[in-house]
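Here is a short briefing for a reader new to this structure. Please look over the sequence and the model first.

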Amino acid sequence: MSDQAKLNVSKDQLQKFIERVERLEEEKSNLMEDIRDVYKEAKYQGFDVSIMKKMIKLRKMDNNKLQEEDY
């Protein structure tokens, strides 16, 4: 394969990676907006959003770290 052909392949691969990341960033932005909407709805229903966030953080922890924090 010639150097020019290799360069074209690398350029195409790079462009595909960049496009994938751009799509994922857009999805991430949409998800963050959806999460904010859920928190707004919960707050409107009378729930304490800061407590909800703490609960979500605790649920993400593994059991050892959770027990450590409880101690």
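The points below cover the fold, the surface and the charged side chains.

This is a predicted model: local features need pLDDT of at least 70, side-chain atom pairs count only at pLDDT 80 or more, and totals for chains, interfaces and linings use all residues. Residues are numbered from 1 along each chain as its sequence is written, and side-chain values use heavy atoms, with hydrogens and water left out.

**Fold**
- The protein chain has three helices and zero strands.
- Its elements run α-α-α from the N terminus.
- Helices (H or I, at least four residues) and strands (E, at least two) are DSSP runs, numbered from the N terminus.

**Surface**
- Of the 71 residues in the protein chain, 6% are buried.
- Buried means under 20% relative accessible area, exposed over 50%, and partly exposed in between (1.4 Å probe, protein chains only).
- The chain exposes about 7100 Å², and carbon and sulfur atoms supply 54% of it.
- Accessible areas come from the Shrake-Rupley method with a 1.4 Å probe.

**Salt bridge**
- The whole structure holds one salt bridge (a side-chain nitrogen of Lys or Arg within 4 Å of a carboxyl oxygen of Asp or Glu).
- Glu25 pairs with Lys28, and their closest N and O atoms are 3.6 Å apart.
- The two are separated by about one helical turn because they sit three residues apart in helix α1.
- Glu25 is partly exposed at 41% relative accessibility, and Lys28 is partly exposed at 47%.

**Negative patch**
- Glu33, Asp34, Asp37 and Glu41 form a negative surface patch (residues with over 30% relative accessible area and no salt bridge, like charges joined within 9 Å).
- Glu33 lies in helix α1, residues 3-44.
- Glu33 counts as partly exposed because its relative accessibility is 42%.

Notes. Patches are made of residues with over 30% relative accessible area and no salt bridge: like charges are joined within 9 Å, nonpolar side chains (Val, Leu, Ile, Met, Phe, Trp, Tyr) within 5 Å. Lys and Arg count as positive and Asp and Glu as negative; His and the chain ends are not counted. The place of a charge is taken as NZ of Lys, CZ of Arg, CG of Asp or CD of Glu.
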